[in-house]
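Please brief me on this model.

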Amino acid sequence: MVTKKIEQALNKQIELEASSSQYYLAMASWAENNGLSGVAAFFYQHSDEERMHMLKLIKYLNERGGKAIIPALKQPPKDFKSLQYAFDNLLKHEVMVSNEINKLVDDCLKEKDYTTHNFLQWYVSEQIEEEALARTILDKLNLIGNDKGGLYLFDRDLQNISVQSAAADNAGGKK
Ligand code: OFO
């Protein structure tokens, strides 16, 4: 059974994962409208993953005797001024989510909720991976600068990353 404090904190995290999913969906749609099909595939995939993160939390909270609340969401931005800007936001967003997960882990220790603490370790590792991926992509973008050929290859690379990650998920992967 989770305490009220942990129930509230998990519900806050459910909202954060749901809004991450919406946010990346907005980026996917923007990229698709700008002819960047690989980037769009990457963000669509990422948006799906965030939804899975949300579902995992909802199911866990309900199983542990808490009540998961499905949140209302704010509309994400319609436009992003550049690719750099979109990925910069992705990284900032992931760093913020990592900080929130860390706070949640800390709350679990204070409440002596070792079961939820254990459950959250998956999120801790996931955040490390997501931050690292966002940094790698930003480094690539910085290298490319305004080079059109580079941008074409970058878009193709992201398409491949999305296909691989979708295949890993379907093979019973971690997400
Ligand atoms: Fe849910 O992993 Fe990103 O935010």
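**Briefing: contacts, fold and rings**

Setting aside neighbours within four places in sequence, glutamate 130 is in contact (heavy atoms within 4.5 Å) with His46, Glu49, Glu50, His53 and Glu94. This is a predicted model; local features need pLDDT of at least 70, side-chain atom pairs count only at pLDDT 80 or more, and totals for chains, interfaces and linings use all residues. Residues are numbered from 1 along each chain as its sequence is written, and side-chain values use heavy atoms, with hydrogens and water left out.

**Confidence**

- pLDDT is the predictor's confidence in each residue, from 0 to 100.
- The protein chain has a mean pLDDT of 94, and 98% of its residues reach 70 or more.
- Confidence is highest in helix α1 (residues 4-33), at a mean of 98, and lowest in helix α5 (residues 148-170), at 87.
- Where pLDDT is low, the predicted coordinates should not be read in detail.

**Overall fold**

- The protein chain holds five helices and zero strands. Helices (H or I, at least four residues) and strands (E, at least two) are DSSP runs, numbered from the N terminus.
- Along the sequence, the pattern reads α-α-α-α-α.
- The C-alpha trace spans about 55 × 30 × 25 Å along its principal axes.
- Of the 175 residues, 45% count as buried. Buried means under 20% relative accessible area, exposed over 50%, and partly exposed in between (1.4 Å probe, protein chains only).
- Among contacts with a separation of 6 or more, 81% join residues 24 or more positions apart.

**Helix geometry**

- The expected span of a helix is 1.5 Å times one less than its number of residues.
- α2 has 27 residues and reaches 39 Å from first C-alpha to last, close to the 39 Å expected.
- α3 (residues 83-110) has 28 residues and should span 40 Å; its end C-alpha atoms are 41 Å apart, which agrees.
- α5 has 23 residues and should span 33 Å; its end C-alpha atoms are 33 Å apart, which agrees.
- In α5, Gly150, Phe154, Asp155, Leu158, Ser162 and Ser165 are buried. What covers these buried residues includes α2 (37-63), α3 and α4 (114-144).

**Positive phi after helices**

- Just after α2, glycine 65 takes a positive phi of about 85 degrees.
- Lysine 112 follows α3 and is found in the loop between α3 and α4.
- Phi of lysine 112 is near 55 degrees, a positive value in a residue other than glycine.
- Most residues other than glycine have a negative phi.
- Lysine 112 counts as exposed, at 59% relative accessibility.

- Glutamate 130 is in helix α4. This residue is buried, with a relative accessible area of 5%.
- The C-alpha atoms of glutamate 130 and alanine 40 are separated by 17 Å. The two are 90 residues apart along the chain.
- Alanine 18 is in helix α1 and is buried, with a relative accessible area of 6%.
- Beyond neighbours within four places in sequence, alanine 18 is in contact with Met54, Pro71 and Leu73.
- Alanine 18 and glutamate 100 are 82 residues apart in sequence and 14 Å apart in space, C-alpha to C-alpha.

**Aromatic rings**

- The whole structure contains 11 aromatic pairs. Rings of Phe, Tyr and Trp (its six-membered ring) pair if their centres lie within 6.5 Å; planes under 30 degrees apart count as stacked, over 60 as edge-to-face and the rest as tilted.
- Phenylalanine 42 and phenylalanine 43 have ring centres 5.5 Å apart and planes at 75 degrees, so the pair is edge-to-face. Both residues are buried.
- Tryptophan 122 and tyrosine 123 also pair edge-to-face, at 4.9 Å centre to centre and 80 degrees between the planes.
- Tyrosine 123 is buried, with a relative accessible area of 1%.
- Ring pairs link Tyr23, Tyr24, Trp30, Phe42, Phe43, Phe80, Phe87 and Phe154 into a cluster.
- Lysine 56 lies over the face of tryptophan 122, at 4.3 Å from the ring centre. A charge sits over a ring if NZ of Lys or CZ of Arg is within 6 Å of the ring centre and within 35 degrees of the ring normal.
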